[in-house]
Amino acid sequence: MKKLSKFVNTRIGFYVLLVVLFWFKTLFAYFTDFKLGAEGIFQYLILLINPLPITALIYSFAFYFKRSRFFYPVLMGLDIANSLLLYLNVIYYREFTDFMTIATMTGYSKVNQGLSGSSLALTNLHDAFYWLDIVIILVLMLTRQIKFDPRALSSRLSFAFTSIAITMFGVNLSLAEMSRPQLLGRTFDRTYIVKYLGIDAFTGYDLAKSQHINNMRQSATKSELLKVKKFTDKHYASPNPQMYGIAKGRNVIVIHLESFQQFLIDRKVNGQEVTPFLNSLYHGKDTYAFDNFFHQVGQGKTSDAENMLETSTFGLPQGSLFATLGSDNTFQGAPAILNQRAGYTSAVFHGNVASFWNRNNVYKNLGYQYFFDASYYDTSGDKATGYGLKDKLLFKDSVNYLQNLQQPFYTKFITVTNHFPYDLDDEDKDPNFTTTNTGDTTVDNYFVTAHYLDQSLQEFFNYLQKTGLDKHSVIMIYGDHYGISNSENTSLASVFGKSADDWTDFDNASLQRVPLMFVIPGSGGHGGIYHQYGGEVDVLPTLLHLLGISSKRYIQFGTDLFSKEHSQVVAFRNRDFVTPHYSSVNGVIYDNHTGKVAKLTKKQKKQLKRNQKLVNTELTLSDSLNEKNLLRFYHPKGFKPVKAADYNYSNGLKHEKRIEKELGLKSTSIFSKNNNRSTVDDYSTDAPEQNHSSTDSNRIKITNPDANNK
């Protein structure tokens, strides 16, 4: 024991101690929190050794600080920073089943993202293990149980430690290449890099890749746009004549259902419908609904969904497009298209802070004229959760702004109450609704908040019907992404009458369906449930064609869901895909009808290879378009580039009210059409918070929830 203590009191001994302790922590994360999918002795061997080389390399830099007063703080600082990186990945992985990228880190910093309430909900008791060694070592240093060694290593010996670490990494990389050839050259799954090279190596690799993207953007040329344009022109699907223009001239009201999955529709729990109102809409005669519609988001979650709906391009392979590129990216999105082609006014209603997901900048680049964020609402007291204004209050309090917009308008309501970890105040819960008893609080609460969201929608639709606004609008309702993550789906299995042991990757893939409905009152009663396969990237061309606006001149990767030429190959951000017959999940092909691994003929294999090629091509081209900002080189007929400087979201409706005054009797706002009488009193809600007093002292702090789920 004395020999060990004596060794630790040397610089080399202290270095070895920290390297070994961090090695143990990383292995603990590998086998406790991460699911790296190691198979066979060889892969497990690589998994065991991969934390050592880069850790040893990083920590060896402390040897170049000769004075002990620098050596020890530097080495401890490196250890704390590395532990923080590991732990943040642990938290991130629990929700996203993925690892943090440089784009994610820089993107969240842009939206002032810290550890939110969602992150805290993802912590476990064993997380103390990631920090216990650091606390103990610091205490031992302060009590001088670990003494500072004044003897510095020679430059030659310091370099020897660095060289040994680099050699170890070379061996690690060689072993990884033996198991996974071209590991870094053809990476499509971040898990592979972590499994073979470790967290630090992955972060370094991602940093280099991010820098490469920045360089590509600076050197991009107009000629690179031609490949993209050629693909989208060939991929274009002409509109269905029976559907084209059936909603022409109508207002567009987009309702964003946070974390809402398709399986909630028509779902009963304890004999009760979870979403009775949405069910009635889903089966309504004026509703055009899709039951095989999939979310296609990546790490950007809600922001990815918004991007796809607004632009018909995919999100990025890493991070959020909104947060990382959105401030200076060129978009040709729905708000600008509708304004320039049909005179639409545009606005977003969202009871969270404007800066989250960089929306206050991105919306301007998209051409949104108004953005009513948390600063426009009373979010004091219990009116808001940590994620923003509660849904019932969002819809009610937005009416004051909605009624002053010139028609036709294109508006979007972003709900938040049905958000992980699905907490809801007791006073907001329906006493007549009893949720599941799966043993998983997250799953059980999910049905409670979804039921609340359903009630919120019913109140809003009552207002639309009472004011007659519904007859002049198309209400588009969609779910942005999954609510229950793959790691929680086994707890959800019992709801579907399955056991956790029988749950498969195919079941996970099937649950990526989310709702999409176009409610068009008075459209002839020809609505119905459509079974064609599609995804969020298909929404914009579908909506434009319903409004009688051709999408052909724009660069869009989606196709009209009602078109006979619509492509039913749905691409996911990780390059998996689904078709009406097969699902490709992690390279395994499942038969959609049996849920089992498919037995394929030679012809079927060839077709699936073509499908995979299509998926790879459209994702690659979309990435090129966005990462290189190629749309700055493209000017479709009649489209004027959006000028972000034209919009100021702090002015509220001052501009709109000036327009209304100038128009006088020609004003088309709801307020004017209602003989200058407010329609706020036409809105009825049973939200208990509306009558609660509020003061600055009990004002709740709205945090940024999307760190783990949006």
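**Asp33 and other residues, judged by the rules**

Biologist: Why is Asp33 called buried?
Modeller: The relative accessible area of Asp33 is 11%. Buried means under 20%, exposed over 50%, and partly exposed in between, with a 1.4 Å probe and protein chains only as cover; Asp33 therefore counts as buried. This is a predicted model, in which local features need pLDDT of at least 70 and side-chain atom pairs pLDDT 80 or more, while totals for chains, interfaces and linings use all residues. Residues are numbered from 1 along each chain as its sequence is written, and side-chain values use heavy atoms, without hydrogens and water.

Biologist: What makes Asp33 and Arg94 a salt bridge?
Modeller: The N to O distance between their side chains is 2.9 Å. A salt bridge is a side-chain nitrogen of Lys or Arg within 4 Å of a carboxyl oxygen of Asp or Glu, so the pair of Asp33 and Arg94 qualifies. Asp33 lies in the loop between α2 and α3 (40-49), and Arg94 lies in helix α5, 61 residues apart. Arg94 is buried as well, at 12%.

Biologist: Why is Asp426 called exposed?
Modeller: Asp426 has a relative accessibility of 63%, and so it counts as exposed. The side chain of Asp426 meets that of Lys429 in a salt bridge of 3.3 Å, N to O; Lys429, at 34%, is partly exposed. By the rule, the count of salt bridges comes to 20.

Biologist: Why are β15 and β18 called edge strands?
Modeller: The open sheet has 4 antiparallel strands in the order β15-β16-β17-β18. Each of β15 (570-571) and β18 (588-591) has a single partner strand, so one side of each is without a neighbour in the sheet.

Biologist: What makes β15 and β16 a pair?
Modeller: Two strands pair if DSSP finds at least two bridges between them. β15 and β16 (residues 577-578) have 2 bridges, so they pair. Val570 has Val578 in β16 as its bridge partner.
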